[in-house]
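Trainee: I would like to learn how to read a model like this one. Could we go through it feature by feature?

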Amino acid sequence: MVEEKKNKRERRRWGWAAIGAVVVVAAALAVGVLRTRNYNIYKHCTCAQDSRKYTGIVEGCCCDYETVDSLNADVLHPLLQELVTTPFFRYFKVKLWCDCPFWPDDGMCKLRDCSVCECPETEFPEPFKKHVLPFDDLKCQEGKPQATVDRTLDSKAFRGWVEVDNPWTQDDETDNGEMTYVNLLLNPERYTGYTGPSARRIWDAIYSDNCKYAPGEICQEKKVLYKLISGLHSSISIHIAADYLLDETKNLWGKNLELMYDRVLQYPDRVRNLYFTFLFVLRAVTKATDYLEQAEYETGNGVEDLKTQSLVRQLVYNPKLQTACPLPFDEAKLWKGQGRPELKQQIQKQFRNISALMDCVGCEKCRLWGKLQVLGLGTALKILFSVDGQKHPLQPLQLQRNEVIALMNLLNRLSESISFVREMSPDIEKVMEGLVPDHPSSVISSWRRMVDAIVGLWYITNLCCISTSLVFFLCLKLG
């Protein structure tokens, strides 16, 4: 009798242990299912964010989007960010006060950030005053700046900075009497409040009068000009959105992701043209390697000047760039066949008109960056299309110091824009999904979350039912 009771107690103890084990296993299975579901959801989201919208070769170029993103992130962007802060590259000579040659200037900026403040002549590097034509009433712009610029570029060897006109741009850089000097670091390219009819008229004139391009256009040269202007336009829009006045009363600045999406990212062609323009300008820099490597970057600060020379060499001789993208753009395929010299003159005239339109920009700071970047683009055109070192070895490329400064700063602007596109696209897509309820990706995401929730609930319910049945069965067996 005693033995029978002892055995019964033992069976009950093991029975309850079994029930506990069943409950623990059921709970573990439920948690495992939920974790698996959540992991799959997370994995899916991660893949969606990492999936590349732009793949393959950049149209008209010799490199693919993946290579451009990788090179820019690992090599070009860090080097350029450091290079443009050096004394040589942060001072830009510009003619800010010119009458618009096309219509009366009626543009007005909303913000004082639109203006460029003057600074003493003593603040730009002393060597910049040498090797230039004498000029009176020299003034420096914006915050505290100053650096002048005349100079020469040579495809074979550096022979000293000289002043020569650029056939692709309007400004007469040898007219130093009306030039002023600006510290670019104190005048960042960002939102200024310059909007309305005046601002729209500038871009309308650029595209309609000087940059006509129809879908299916067979003239590659006209297509190149259109893509360059479109890419530059995209970059400018991205910088405005990336440094935007979110709250004027609090002077709160930040990123306007919705504006970046509305202006650029929702239009794939605008993003593709941004990459095209970047590779075009990069090719100009690599083609001028010999000149840039031998140029004198003298500002009177020996340590900084050596640093500048070193950074330039790291850029033009970078092994990763030479291996992954040795020829960013092949300029040799253009200007072939009959009538091309006349076509070149026509397109050159159109770009000069675009350059002249910068004097019609009603915002001083916008005019500064417009002139700098159009000069940078005109410099790239000059390097790639105005001199053929193989056919005309005795006609070396000559550039002004200001052109080199504009070229490198433009490349940095484009590099920054590509970084913004690459890094911020996932966040911008999330923002746009929230702002646009009917957005296809938003609808799909909502349905997916609902289905995942239902399936997960079904798994848990079934596990609970199985566990309850097992417990009930064991209780019956144990009496």
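Mentor: Gladly! This is a predicted model, where local features need pLDDT of at least 70 and side-chain atom pairs count only at pLDDT 80 or more, while totals for chains, interfaces and linings use all residues. Residues are numbered from 1 along each chain as its sequence is written, and side-chain values use heavy atoms, with hydrogens and water left out.

Trainee: Let's start with a helix. How many residues does α9 have, and what distance does it reach?

Mentor: Helices (H or I, at least four residues) and strands (E, at least two) are DSSP runs, numbered from the N terminus. The expected span of a helix is 1.5 Å times one less than its number of residues. Helix α9 covers residues 302-316, which is 15 residues, and reaches 21 Å from its first C-alpha to its last, close to the expected 21 Å.

Trainee: Which residues of α9 are buried?

Mentor: Buried means under 20% relative accessible area, exposed over 50%, and partly exposed in between, with a 1.4 Å probe and protein chains only. In α9 the buried ones are Asp-305, Thr-308, Gln-309, Leu-311, Val-312, Leu-315 and Val-316. Seen down the axis, they fall within an arc of 165° (taken from the directions from the helix axis to the C-beta atoms), so they line one face of α9. The face turned away from that buried side carries exposed Val-303 and Leu-306.

Trainee: What does Gln-350 touch?

Mentor: Contact means heavy atoms within 4.5 Å. Leaving aside residues up to four places away in sequence, Gln-350 touches Asn-210 and Leu-225. Gln-350 sits in helix α11 (residues 340-357) and is buried at 18% relative accessibility.

Trainee: And how far apart in space are Phe-92 and Arg-401?

Mentor: Their C-alpha atoms are 9.3 Å apart, although 309 residues separate the two in sequence. Phe-92 belongs to strand β1 (residues 91-94) and is buried, with a relative accessible area of 2%.

Trainee: On to backbone angles: what is the phi of Asn-251?

Mentor: The general idea is that most residues other than glycine have a negative phi. Asn-251 has a positive phi, near 50°. Asn-251 lies in the loop between β5 (244-247) and β6 (252-254) and is exposed, at 54% relative accessible area.

Trainee: How many salt bridges are there?

Mentor: Side chains of opposite charge can pair when their charged atoms come close. A salt bridge here is a side-chain nitrogen of Lys or Arg within 4 Å of a carboxyl oxygen of Asp or Glu, and by this rule the count is 12.

Trainee: Which residue forms a salt bridge with Glu-59?

Mentor: Lys-223 does, with the closest N and O atoms 2.8 Å apart. This pair links distant parts of the chain, 164 residues apart: Glu-59 is in the loop between α1 (2-50) and α2 (65-83), and Lys-223 is in helix α5 (residues 220-242). Glu-59 is partly exposed at 42% relative accessibility, whereas Lys-223 is buried at 16%.

Trainee: Where do Glu-293 and Arg-313 lie?

Mentor: These two form a salt bridge, with the closest N and O atoms 3.2 Å apart. Glu-293 is in helix α8 (residues 289-294) and Arg-313 in helix α9, so the pair ties together parts 20 residues apart in sequence. Glu-293 is buried, at 18% relative accessibility, and Arg-313 is partly exposed, at 39%.
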